[in-house]
Amino acid sequence: MTESIEIPDCRYPTEPTLVKPSSTTPRHTLYLSNLDDQKFLRFSIKYLYLYKRSVEVEVLKESLSKVLVEYYPLAGRLRISEEDGEKLEVDCNGEGALFAEGYVDLSVAEFLEGSRKPNRSWRKLLYRVEAQSFVSVPPLVVQATHLSCGGLILTTSINHCLCDGIGSAQFLHAWAQITAKPNANLPVTPFHGRHALKPRTPPCIPFFHPEFNGPPAGEPAVELLTQLLLSQPLVPVAVTFTASQILHLKKQCVPSIKCTSFEVLASHVWRAWIRSLDPPPSLRVKLLFSVSVRKRLKPELPRGFYGNGFVLGCAETSVDRLVTSNARYGVKLVQEAKASLDDDYIRSMIDLLEARRGKPDLSSTLVISPWSKLGLEDLDFGVGRPLHMGPLASEIYCLFLPVIGDLHAFTMLVSVPQSIADRFEQYCLKGIGEREEKEDGGKETGGRGY
């Protein structure tokens with residue numbers, strides 16, 4: 001099996017078009033909260049979907065124009081605020097989403113066989129917008145690529161400053177439903193306003209926020225780790241954890257603590273990542289992971305809110321404590337980090353971002369973003385569910401992805417330095433149950449593609 005297929009060049013018989021809302025939409029400026037307008041979120045979330053059958057492009061465009069009436073900020077344009085030269089806002093001008101149609105000499109079967117790990121050639125499946133800056137790129141870019149066998153690859157680029165994972169999934173499900181059932185009502189009415197997340201005046205920051213505070217400048221151990229992470233090519237590592245393997249990890253924590261699948265896998269992958277990098281034992285290391293605040297705030301965010309409604313939980317310890325302690329130790333750190341994220345802490349973080357528009361500390365940090373419980377794998381445009389769903393590229397941010405056809409499994413995907421990739425995968429597979437223990441040295445995978 002080919003782990004990563006090289007995508008041939010795409011043909012574009014026509015120029016991309018702008019798909020505007022099908023009827024008049026409100027014209028105003030949309031305020032972006034401090035959670036939206038974080039500097040480390042100034043990129044687009046890029047999804048790739050593979051379908052056995054194609055959908056007519058005109059049908060996709062028509063349904064997109066309808067759903068953009070409700071999600072009209074995605075048809076607008078980002079701009080820099082005149083009042084604050086650093087802050088972004090959305091000009092809801094109805095200019096439209098960019099839609100490209102392409103053709104590629106590739107079959108569904110060929111893509112599936114090589115879909116385990118994304119590579120740079122996959123970027124051909126999303127139209128490259130020539131723009132002077134990130135702000136100039138339309139918030140929503142779509143490409144429908146027809147395959148030689150009659151299948152379809154649909155890629156979307158959604159500006160992260162407008163949506164988080166939950167919000168982008170909400171939008172995509174709305175678009176899919178209108179495509180499949182043109183007369184149906186939206187599953188959820190979108191809520192556009194971000195004012196519930198405005199900072200206080202003056203800012204009040206009673207908490208220490210380790211997620212935004214790094215080590216002293218010039219610390220030798222940190223510099224060595226940074227050099228390793230930046231000095232060589234990054235390669236993707238993909239490991240699929242089955243339900244039985246996740247259960248095996250959970251059993252290592254009971255009866256002293258009960259934990260979720262995310263908590264035990266986050267701790268397990270963090271430990272494997274640190275072990276493979278082998279930094280100095282005394283180095284302080286962190287795990288950052290996204291946590292929805294929608295139901296943690298008082299009052300809760302309105303139903304249908306699709307902006308950035310997450311913050312970063314932060315687990316922190318020393319290398320030696322993490323790698324020499326039992327599995328329960330890392331899980332407990334993750335749970336304690338989650339438990340600290342109450343309304344007071346979240347408001348303090350929002351105010352911190354107002355007072356100091358910094359970035360999270362990534363110096364000796366693994367960042368995990370869970371895509372596995374968003375329903376992204378269920379997107380049906382009327383031709384059935386996708387055969388593959390995943391990111392367009394593998395990054396240094398670790399993703400927990402859904403596994404098509406298995407609600408209880410996860411695929412972990414992250415790019416690591418080439419010299420440690422094999423070692424990292426082996427540590428991920430170590431101690432995950434009977435299947436691994438029966439194989440020679442734990443090298444059989446559980447790391448199949450998704």
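Pro202 sits in the loop between helix 3 (165–180) and helix 4 (220–230). Helices here are DSSP runs of H or I with at least four residues, strands are runs of E with at least two, and both are numbered from the N terminus. The peptide bond from Thr201 to Pro202 is cis, with omega near -5°.

Before I go on, this is a predicted model, in which local features need pLDDT of at least 70, side-chain atom pairs count only at pLDDT 80 or more, and totals for chains, interfaces and linings use all residues. Residues are numbered from 1 along each chain as its sequence is written, and side-chain values use heavy atoms, with hydrogens and water left out.

A cis bond also joins Val254 and Pro255, with omega about 5°. Pro255 lies in the loop between helix 5 (243–251) and helix 6. Most peptide bonds are trans, and most residues other than glycine have a negative phi. Asp278 has a positive phi, near 55°. Asp278 belongs to the loop between helix 6 and strand 10 (284–292).

Now the helix packing. Helix 5 and helix 6 pack at about 80°, with their axes 10 Å apart. Axes are lines fitted to C-alpha atoms, for helices over the stretch in contact, and angles run from 0 to 180 degrees between N-to-C directions. Helix 5 and helix 6 are therefore roughly perpendicular; angles under 35 degrees count as roughly parallel, over 145 as roughly antiparallel, 65 to 115 as roughly perpendicular and the rest as oblique. Ile246, Leu249 and Lys250 of helix 5 meet Ser261, Val264, Leu265 and His268 of helix 6, where contact means heavy atoms within 4.5 Å.

How do helix 6 and helix 8 pack? Helix 6 (residues 261–277) and helix 8 (residues 327–339) have an angle of about 120° and axes 8 Å apart. This pair is therefore oblique. On the helix 6 side, the contact includes Glu263, Val264 and Trp270, and on the helix 8 side, Ala327, Leu333 and Lys338 are among the residues.

Last, the cavity. The structure holds one cavity of 30 Å³ or more. On a 1 Å grid over the protein atoms alone, a cavity is a set of points where a 1.4 Å probe fits but cannot get out, and lining residues have an atom within 4 Å of a point. Volume is the space filled by probe spheres set on the points, which are joined across faces, edges and corners. The largest cavity has about 100 Å³ of space. Its lining includes Asn34, Asp37, Arg42, Glu86 and Arg357.

Notes
1 Å grid on protein atoms, 1.4 Å probe; cavity = no way out; pocket = protein on both sides within 12 Å on 5 of 7 lines; lining within 4 Å.
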